[in-house]
Amino acid sequence: MNSEGYKKTIYLVLAIALILPALVLQTGHASASTTQTLNFNTTVTNTISNKNAEQVYKITLPSAGTVKVNLNSYIEAVILDLTDENGESVWGYSRDIYDGSASTPKQWSDQADLEAGTYYIKISQADDYTGKYDLKVGFNTAGSNEKEPNNGTSQAQPITLNTQKINGFLSLNDDTDCYKFILKQAGTIDVHVDSNIYDASLDLLDESGNDVWGDEDIYGGSSQTPKQWSKSVDLEAGTYYIKISNSGLLNKQKFQI
């Protein structure tokens, strides 16, 4: 490194939560004519019967964040799914919820990290079981300030090194974020990561999309004990990209640049 070079430091804080899908039947949402709008943190009570075997609830996320679905089921078995606007299950599978009864409801909850948009919760009859349920949905914004779409080098969000902080978010339906920076002269890049997820992937690419370093897997992080990771590299002047993506079944990723 010559004396004319200079040093740029990029600070990334990565926080990703892990949610594993249950292995049950995938379903879609019903027609809009049967859909009710559901407000967050409001409990709705409804009944599955042979004549009313399915109800669909529409929720709208104003920003990227975490949706938590809570169900008290007074039914021996019932099916619940969370889908996007195209009817695709965001979990990958619907949930079969068992062992509820009229006297002792089954308390069930699950969550999903999602981008802003419209989603549907479908509750439908399993076999011929009928009964009442209570449904409540909560939402916590990710607080991200990234600019979507930034899913690849062609859509990469420009960033200014050392002066601009980015709070990003990866979700079930957006598992890659890409950022672009420009070095006006040769220098050293330091990348620092605090990861709250067990397994994340970070790449540094050149202007042609070639790896400066390949997939750097960052293992062993958790929300209680973030994994601290760092790496430095000497670069020539030019355009580069930082790509942050899920490794395996990661769902949520928060980071700061």
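Some ground rules. This is a predicted model, where local features need pLDDT of at least 70, side-chain atom pairs count only at pLDDT 80 or more, and totals for chains, interfaces and linings use all residues. Residues are numbered from 1 along each chain as its sequence is written, and side-chain values use heavy atoms, with hydrogens and water left out.

Salt bridges, then. The rule asks for a side-chain nitrogen of Lys or Arg within 4 Å of a carboxyl oxygen of Asp or Glu. How many salt bridges does that rule give? The count is 4.

Start with Asp110 and Arg95. Their side chains form a salt bridge, 2.8 Å from N to O. Asp110 sits in strand S8, residues 106-114, and Arg95 in strand S7, residues 95-98, so this pair ties together parts 15 residues apart in sequence. Strands here are DSSP runs of E, at least two residues, numbered from the N terminus. Are these two residues buried or exposed? Both Asp110 and Arg95 are buried. Buried means under 20% relative accessible area, exposed means over 50%, and partly exposed is in between, with a 1.4 Å probe and protein chains only.

Next, Lys243 and Asp203. The closest N and O atoms of this salt bridge are 3.5 Å apart. The pair links distant parts of the chain, 40 residues apart: Lys243 is in strand S18, residues 238-246, and Asp203 is in strand S15, residues 199-206. Lys243 counts as partly exposed, because its relative accessibility is 25%. Asp203 has a relative accessible area of 2%, so Asp203 is buried.

Now Lys231 and Glu216. Their closest N and O atoms lie 2.4 Å apart in a salt bridge. Lys231 belongs to strand S17, residues 227-235, and Glu216 to strand S16, residues 211-219, so parts 15 residues apart in sequence are tied together. Lys231 is at 27% relative accessibility and therefore counts as partly exposed.

On to the sheet. Strands of a sheet pair through backbone hydrogen bonds, either parallel or antiparallel. Which order do the strands take in this open sheet? The 4 strands run S3-S10-S5-S8, with antiparallel pairing. Pairing requires at least two DSSP bridges between two strands. At the edges are strand S3, residues 44-48, and S8, each pairing on one side only. Neighbouring strands are turned by 25° against each other on average, direction ignored.

One pairing in detail. Strand S5, residues 65-73, pairs with S8 in the antiparallel sense over 9 bridges. Ser73 has Lys106 in S8 as its bridge partner.

Definitions and conventions. Axes fitted to C-alpha atoms, helices over the stretch in contact; angles between N-to-C directions.
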